[in-house]
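Welcome! Take a moment to turn the model around on your screen, and then we will walk through some of its features together.

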Amino acid sequence: MDGVTVMDRALVDGARTVPGQGKRVAGRLTGIDVARGLAVLGMYAVHVGPEPAKGGVGVLFKPFEGHSAALFAVLAGVSIALMSGGRRPKLGRDRTRVALKLATRAPLLVALGLWLTSLETGYMVILAYYGACFLFAIPWLRAGAKALAIAAVVVAVAGPLLSHLIRAQLLPRDLLFFAPDLTADDVTSTGLLKAATVLVLTGTFPALTLMAYVFAGTSIGRMDLTSRSVCRRLFFGGSALAVGGYLVSWIATGPLGGMRAVYRSLEPAAAQAGMTPPEFFRLHQTWIHGTPPTTSWAWELLPTGTSYTPFDLLISIGIAAAVIGGCQLLMPKFERALRPLSDLGGRVLSAYVLHFVAIALLWDESDGDSIFSVLHFVEFSVVALTAAVLWRKFVGRGPLEWAMNKLSSWPKYLMPPARVPAQRRG
């Protein structure tokens, strides 16, 4: 879905196992594509799977809420890192070519996101926000893993607080306010400034805070992902970050009274709806999406998925790091079993776009909640996995991945790589 899913073959094909030492992950970095495949299935679970709030088997789908989108964003950062040299960031003309590629793909993703939004499926589309993030990532192409990790933490902590301050003045909201998604009308009728404001600050996936995921992913992509020890650190360190985030958030919202402050801010609306504040919160908590209410600073203490609070961002980064590390560790041992997921992840942009098209063709607003079922999740997953396997076997690169690559490949003709003279033999 990030538009940069094809990895640098020199990077991904060069990893081999060190005989007798077991220190390297054998073969290509196909574990990254497995992680992308899991993110796709997680997205299907959220979009067409049963609703967790209704209980039953739907409870099993609760972990996917919010975290699948975060995993996509972190993997977009990994892809940017691999495009720009992996562990050794590209320099000079090579880095300029990567910057021009990202600058070309940014408006393409915005346009594609606007088109998907125009289908009016009722779902929020992240592609346009990725376009903004690609532009913001360009100045960081030379940065190393440590600097990018620091940037991720700073944005994850300070970004939501800065957003709260600005939005409290510019566009204050309560829980019932649904964050606007960018539409073509925002660009054509209200101008580029309004569109940029939605993309960066007030939209459903605001780039100001979404960049925490992109920085984290780019930092991960700068690491030696062929090293088992690095992948183990990602798995256990990411797991610890997620658990620690939940624990600290629980302390802040429970014993320290954060949740009571949230409930106090909901009392007028809850009374008007004939509910208690806890009931009102549980019914509408998914409306926090992207931009927490500005009625109380206590909202920033919540760990709710896609709320883009500091705790949500850090927890989701931890989960994404654990998934990436775990997939890299598992792929060499279970390559045949995981290959369909890898094939799906290698065609993630096509899988993302086409599932919106399928939803638009199969259902409309009159279908209501009938779209959400285990059967529909299984159907979408089986069709996507089967199509990805067949497409990889008989065609190769995904259709939209191919188109994105072709449309953004012009920098290599404008600035061809410098030729290295062949060495003469003695």
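Which residues form one aromatic cluster? They are Phe72, Tyr123, Tyr352 and Phe356. Keep in mind that this is a predicted model. Below, we look at aromatic rings, then cavities, then an annotated region.

**Aromatic rings**

- The structure holds 13 aromatic pairs.
- In one of these, the rings of tyrosine 213 and tyrosine 308 have centres 6.0 Å apart and planes at 90°, so this pair is edge-to-face.
- Tyrosine 213 sits in helix α9, while tyrosine 308 sits in the loop between α12 (277-284) and α13, so the pair ties together parts that are 95 residues apart in sequence.
- Both tyrosine 213 and tyrosine 308 are buried.
- Another pair joins tyrosine 352 and phenylalanine 356: their ring centres are 5.0 Å apart and their planes lie at 80°, so this pair is edge-to-face too.
- Tyrosine 352 and phenylalanine 356 both belong to helix α15, four residues apart, or about one turn of the helix.
- An α-helix has 3.6 residues a turn, so residues three or four places apart point the same way.
- Tyrosine 352 and phenylalanine 356 are both buried.

**Cavities**

- You can look for two cavities of 30 Å³ or more in the structure.
- The largest cavity has a volume of about 50 Å³, and its lining includes Ile80, Trp140, Phe215 and Arg222.
- Helix α9 (residues 207-221) gives the most to that lining, with three residues.
- Sorted by class, the lining of the largest cavity has seven nonpolar, one polar and one charged residues.
- The second largest cavity has a volume of about 40 Å³, and among the residues lining it are Pro160, Arg167, Thr209 and Tyr308.
- Helices α6 (145-170), α8 (192-202) and α9 each supply at least two residues of the lining of the second largest cavity, and α6 gives the most, with three.
- The lining of the second largest cavity has seven nonpolar, four polar and one charged residues.

**The annotated region and helix α14**

- UniProt lists residues 303-410 as "domain: DUF418", in an unreviewed entry.
- Over residues 303-410, the chain is 71% helix and 0% strand, and the end C-alpha atoms are 43 Å apart.
- Helix α14 (residues 335-345) has these buried residues: Leu338, Leu341, Ser342, Asp343, Leu344 and Gly345.
- What covers the buried residues of α14 includes α2 (30-48), α13 (310-330), α15 (348-362) and α16 (374-394).

Notes: Residues are numbered from 1 along each chain as its sequence is written. This is a predicted model: local features need pLDDT of at least 70, side-chain atom pairs count only at pLDDT 80 or more; totals for chains, interfaces and linings use all residues. Side-chain values use heavy atoms; hydrogens and water are left out. UniProt positions are given in the numbering used here, feature names are shortened, and annotations may be inferred rather than shown by experiment. Buried means under 20% relative accessible area, exposed over 50%, partly exposed in between (1.4 Å probe, protein chains only). Contact means heavy atoms within 4.5 Å. On a 1 Å grid over the protein atoms alone, a cavity is a set of points where a 1.4 Å probe fits but cannot get out, and a pocket is an open set with protein on both sides within 12 Å along at least five of seven lines; lining residues have an atom within 4 Å of a point. Grid points are joined across faces, edges and corners, and a volume is the space filled by probe spheres set on the points. Ala, Val, Leu, Ile, Met, Phe, Trp, Tyr, Cys and Pro count as nonpolar, Asp, Glu, Lys and Arg as charged, and the others, Gly among them, as polar. Rings of Phe, Tyr and Trp (its six-membered ring) pair if their centres lie within 6.5 Å; planes under 30 degrees apart count as stacked, over 60 as edge-to-face and the rest as tilted.
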